[in-house]
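This report goes through one protein model, from the whole chain to single contacts. Please keep the sequence and the structure in view while reading.

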Amino acid sequence: MKTLVVLAIFGVCMAFARYTPEVQQAREEFFRVFRAAESASRPDLYTPEVRAAREEFFRAFRAAERAASPSSPVQTKWYGPYAASQPAGLPGSPDQVPFTAEVQAAADAFQRAYRKQLEAVGRK
């Protein structure tokens, strides 16, 4: 139990840890150089036109995404029932989809044949 408490405290501290400006600058420089080396070693898969269209698409997509949700996305906690204790479907909808006429007719025919077979062997 003590270990869990220590790990929980450590996790909370790590969540709020910030890099010093020097470390942050070194990280950004490292990742800039790393991405440059990575892209230099990777073959070019797109023509200049396709690359420009992709960049424009993603630029527009990110702008629309920012406009739709100006704050950072936060996943809200679920307060409803667990899936194991609740039937699938929308609230207020019936638990089961009603049978079509054909399916109901087939189910009735099966039940008649089943009952007839039970009567033939002497069970009810």
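## Surface and burial

The protein chain exposes about 12,200 Å², and 64% of this area is supplied by carbon and sulfur atoms. The model is a predicted one. Of the 124 residues in the protein chain, buried residues make up 0%.

## Elements of the chain

The protein chain holds four helices and zero strands. Read from the N terminus on, the order of its elements is α-α-α-α. Helix 1 covers residues 2-15, helix 2 covers residues 21-41, and helix 3 covers residues 48-68.

## A nonpolar patch

Which residues form a nonpolar patch on the surface? They are Met1, Leu4, Val5, Leu7 and Ile9, and together they have about 560 Å² of accessible area.

One of these residues, leucine 7, has its place in helix 1. Leucine 7 counts as exposed because its relative accessibility is 52%, and the cut-off for exposed is over 50%.

## Salt bridges

Side chains of opposite charge can pair when their charged atoms come close. In this model the count of salt bridges comes to two.

Is glutamate 29 buried or partly exposed? At 39% relative accessibility, glutamate 29 counts as partly exposed. Arginine 32 also counts as partly exposed, with a relative accessibility of 49%.

Another salt bridge is formed by the side chains of arginine 59 and glutamate 56, at 2.7 Å from N to O. This pair lies in helix 3, where arginine 59 and glutamate 56 are three residues apart and so are separated by about one helical turn. Arginine 59 has a relative accessible area of 46% and is partly exposed. For glutamate 56 the relative accessibility is 44%, so this residue counts as partly exposed.

## The largest pocket

Rolling a probe the size of a water molecule over the atoms shows where empty space is left. In the largest pocket there is about 250 Å³ of space.

What lines the largest pocket? Its lining consists of Arg42, Pro43, Asp44, Leu45, Tyr46, Arg51, Arg54, Glu55, Phe58 and Arg62. By residue type, this lining divides into six charged, four nonpolar and no polar residues.

Key:
Residues numbered from 1 in each chain as written. Predicted model: local features only at pLDDT ≥ 70, side-chain atom pairs only at ≥ 80, totals over all residues. Heavy atoms only, no water. 1 Å grid on protein atoms, 1.4 Å probe; cavity = no way out; pocket = protein on both sides within 12 Å on 5 of 7 lines; lining within 4 Å. Points joined across faces, edges and corners; volume = space filled by probe spheres on them. Nonpolar A, V, L, I, M, F, W, Y, C, P; charged D, E, K, R; others polar. Patch = residues over 30% accessible without salt bridge, like charges linked within 9 Å, V, L, I, M, F, W, Y side chains within 5 Å. Areas by Shrake-Rupley, 256 points an atom, 1.4 Å probe, with all protein chains shown as cover. Salt bridge = Lys/Arg side-chain N within 4 Å of Asp/Glu carboxyl O. Helix = DSSP H or I, 4+ residues; strand = E, 2+ residues; numbered from the N terminus. Buried < 20%, exposed > 50% of the residue type's maximum accessible area, 1.4 Å probe, protein only.
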